[in-house]
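Me: Please take a close look at the aromatic rings in this predicted model. I would like one connected account of how they pair.

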Amino acid sequence: MLPIIFENSRIPALLSKIAPFEVGGFSFFIFVFTRGKCSQRLKVHETVHFQQQLEGIFLLQWISYGLWWIILFAYHSAFSKSSMSPAYLAYRFSPYEIEAYDNQDNPFYNEERKMFAWVKYIPRSFERFNDA
């Protein structure tokens, strides 16, 4: 059954060296790599990303993810007043991540999920984050 999960992988630790946060799991193509044992919560989260990648025929989703990150980095650099870095906010406020985080506690979400569900999260990507 897809995606194929590789637990205790070194890939999340390596990605953490360049990411603005600690990477616990990473979904790429039909594979999910997790830092330790894959909890049900992490499995749901990363399977959401797998489904998003299927919808974008993988390559288009990766390009879209990168473009969203650039747009949101610029937006949060200009408008958010937060102690968190704009790089982290760009990641966390991506519509792809909002969908995955909002639904990771629902073990049935991936069975119930409608195609392109991430689109409805776009307006939330532009919420200003102020914690200062």
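Reply: Start with Phe6. Its relative accessibility is 39%, so Phe6 counts as partly exposed. The model is predicted, so keep that in mind throughout. Phe6 belongs to an aromatic cluster that also includes Phe26, Phe28, Phe29, Phe31, Phe33, Phe50, Phe58 and Trp62.

Now the pairs. The structure holds 19 aromatic pairs. One of them joins Phe6 and Phe31. Their ring centres are 5.8 Å apart. Their planes stand at 45°, so this pair is tilted. A tilted pair falls between the stacked limit of under 30 degrees and the edge-to-face limit of over 60. Phe6 sits in strand β1 (residues 4–6), while Phe31 sits in strand β3 (residues 31–34). The pair therefore ties together parts that are 25 residues apart in sequence. Phe31 is partly exposed as well, with a relative accessible area of 26%.

Next, a tyrosine pair. The ring centres of Tyr65 and Tyr96 are 5.7 Å apart. Their planes meet at 15°, so this pair is stacked. Tyr65 lies in helix α3 (residues 59–79) and Tyr96 in helix α5 (residues 95–103). Tyr65 is partly exposed, at 23% relative accessible area. Tyr96 is buried, at 2%. The cut-off for buried is under 20%.

Last, a charge over a ring. Arg92 lies over the face of Tyr101. Its distance from the ring centre is 3.7 Å.

Conventions
Residues numbered from 1 in each chain as written. Predicted model: local features only at pLDDT ≥ 70, side-chain atom pairs only at ≥ 80, totals over all residues. Heavy atoms only, no water. Phe/Tyr/Trp six-rings, centres within 6.5 Å; stacked < 30°, edge-to-face > 60°. Helix = DSSP H or I, 4+ residues; strand = E, 2+ residues; numbered from the N terminus. Buried < 20%, exposed > 50% of the residue type's maximum accessible area, 1.4 Å probe, protein only. Lys NZ or Arg CZ within 6 Å of the ring centre and 35° of its normal.
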